[in-house]
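Please read these notes alongside the coordinates. They are set out as numbered points for discussion.

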Amino acid sequence: MSDAISTPSAVAPTVPLLDVRGLTKNFHVPGRGNNVLCALDRIDLHVGRGETLGLVGESGCGKSTLARTLLMLEQPDEGTIRFEGTDPFGLKGKQLLAWRRRVQMVFQDPFASLNARMTAGEIISEPWATHTDLYPTKKARAARLNELMEIVGLRASDAGKSPQEFSGGQRQRIGIARALALNPDVIVLDEPVSALDLSVQAQVLNLLNDLQKRLGVAYIFISHDLSVVRHVADRVAVMYLGRIVETGTTEQVFDRPRHPYTAALMSASPHLDVTGATPRNRIVLEGEMPSPLDPPSGCRFRTRCWKAEDVCATTAPSGSSSAAEPLHAAECHFPMTTEDLKSAGSPIKPKNAVNLLAPLQ
Amino acid sequence: MSTHTQSVSTAREDLTENEVVLRVTGLDVDIRTPKGVLRAVNNVSFEARAGRTLALLGESGCGKSMTAKAVAGLLDPVADVTGGTVVLNGTDLAALSPKQRLKYAGPELGIVFQDALTALNPVYTVGTQLSEAFRIHQKLSAKAAKVKAIELMRHVGIPEPESRVDSFPHQFSGGMRQRILIAMAVALNPRLLIADEPTTALDVTVQAQIMKLLRDLRTESHLAVVLITHDLALVAEEADTVAVMYAGNVVETGPVREVFGSPKHPYTRGLLDSVPADVGRGADLNSIAGSPPELHRIPEGCVYQSRCPVVQDVCRAIRPALEAEGAGRTVACHFALTTASKELDHV
């Protein structure tokens, strides 16, 4: 596998906070025939302290399984997770408890992920029932609860209210406060704003940004909304059918995508262009993501790729990067070239893709 | 696709492009709840034109779906149209009896819902569901209707329709289900298609396919499309005109480029500023403070007063009417923003 994608030493001389190598997770689906669903296929990634890694991809690509595995909610079949050099799967007892404190999660749906029978205060303080040594006295817990609610922009006096008395944005703030309760180093945010309205989404994004600046917490930010990821992420990993097909800095991946899938994803996502000055040629992929029960041979994207040739069906591409951008890697035999990307002016003519929009009227 | 247009949906000769197909004027919808009667849609007016897309844009609870349901005659039993007219091709739907309405509006108006899995009946094959329109409105035999259903499926881009016509909804992917729903909506070659968040549940690459299908259908049969969405970027790319809704009221209308290019209502401006695009990494977005008022707590005066950065005393007393503000544009604000307005830049 590509060293370029994940060699931590190339990014920072120190050990990264979280270093994932060759992570593979298969699910066994009851039924006849081939019943192995490969949700994660040799995933490599790393996250540094105080950094935001954006994870993008369409539904079913394995984003959420990856998040769950990073939190040890799933046992990987192969590969290692190193958290500051230690493998959490080897930990037991008190050490494991201490590790769990350091990685927390915020869930997508603030309407389903909060227990309606508990008050906001109880939800935020619940982690301390397990991690008793963190804030041992009742007084310390009460003080910390007030502090947490203020940090996330809630009124401390609302601690006695139940979740349904809060709006969607406020509920997500409760979820964030709960994740912060154990002072984690990494927070996995699984679609944290996709259930929220635009104006409220902006408030929550600002809050997350502010918290990161103040607390130095690292985020793994999972989203299907590219404009949100572009706004929050330092680096981006693009997933397709259980593989990370491209990684790089946000600027590299968004402005100079190398993998055709990344290019198609960027192209398919609607742009808010109020000037109307730039006509856009759009790559519209045909078909849908193949079933992960029966992934294509060779390159997993080849069935929808307009650049695919015979080699793509026989050999899985390994990560490649250009000399100019060694940390920007894509798993493709025929990465997008500057000419490909420039042809926004003269239409991209993919075999399997339809050129959609001539200039917008 | 052209061969099928002959048999399935022909460009209607009685329609010329840009002709007004639907004109909604002063529409009010009330909901009866334990908390009392709530005004979900208040004095809403807009028009949809043949071969054009009008977007109803707003956040959840703003009344955009309720407006669509009122136009389609699909309101829940607890909701009533209490005022205004819905004129589809010269006939006021609101004045028709339910039976007349079914007969008249059934073939003239199609609607596509957000969640195709719940909109389709899980116990009937898609062929049966697609045939229904032909059997009811054209009195076709089951066999003839099925032939039409297959044609329709091919028309909306479902591969191998002959073998898939007997499949059940759960056997299709999300994108394919949405195509089936669109096929049902355009089966009788309507004048008006209402698409209520048609791609919200879909991935972007599939969204692009569905929007292309809707655009093709619109072009080939001069369909008037009402696109209901919360997605500003989708509106920017797909719609010709936009009506921005907030708390049951239309606050601004006009051509998309002009409204998005120089918004006149502070809410429209706030929405545009909330879009994360093109704001540097780590920079704060100009979010709108607070959240929309609940329907039973809508204040006197302007509906946006609690979140508006330029609010004045008059806004708390008098609700601004939707008034013409330049060519083809309307805005409901006492202090409509001008292009040069800078007062919002630093809030």
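1. Two residues are in contact if their C-beta atoms, placed from the backbone, lie within 7 Å. By that rule, 36 residues of chain B are in contact with 37 residues of chain A. On the side of chain B that touches chain A, helix 9 (204-221), helix 10 (232-238), helix 11 (256-261) and helix 12 of chain B each supply at least two residues. Helix 9 of chain B gives the most, with 7 residues. The residues of this side divide into 15 nonpolar, 13 polar and 8 charged. Here Ala, Val, Leu, Ile, Met, Phe, Trp, Tyr, Cys and Pro count as nonpolar, Asp, Glu, Lys and Arg as charged, and the others, Gly among them, as polar.

2. This is a predicted model, in which local features need pLDDT of at least 70 and side-chain atom pairs count only at pLDDT 80 or more, while totals for chains, interfaces and linings use all residues. Residues are numbered from 1 along each chain as its sequence is written, and chains are lettered from A in the order in which they are written.

3. The secondary structure of chain A comes to 14 helices and 13 strands; these are DSSP runs numbered from the N terminus, helices being H or I of at least four residues and strands E of at least two. Of the 361 residues in chain A, 45% are buried (20 or more other C-beta atoms within 10 Å of the residue's own, with C-beta atoms placed from the backbone).

4. Between the chains, helix 9 (residues 198-215) of chain A and helix 12 (residues 266-274) of chain B pack at about 45°, their axes 9 Å apart. Axes are lines fitted to C-alpha atoms over the stretch in contact, and angles run from 0 to 180 degrees between N-to-C directions. A:Leu198, A:Ser199, A:Gln201 and A:Ala202 meet B:Gly270, B:Leu271 and B:Ser274.

5. Within chain B, the axes of helix 5 (residues 126-137) and helix 8 (residues 174-186) come within 8 Å and cross at roughly 20°. Helix 5 and helix 8 of chain B are therefore roughly parallel (angles under 35 degrees). B:Val126, B:Gln129, B:Leu130 and B:Ala133 in helix 5 meet B:Ile180, B:Ala183 and B:Met184 in helix 8. The residues of that contact are 6 nonpolar, 1 polar and no charged.

6. Which residues does A:Phe221 touch, not counting those up to four places away in sequence? Among them are A:Thr52, A:Leu53, A:Leu189 and A:Val229.

Definitions and conventions. Angles under 35 degrees count as roughly parallel, over 145 as roughly antiparallel, 65 to 115 as roughly perpendicular and the rest as oblique. A residue is buried if 20 or more other C-beta atoms lie within 10 Å of its own, exposed if 12 or fewer, and partly exposed in between; C-beta atoms are placed from the backbone.
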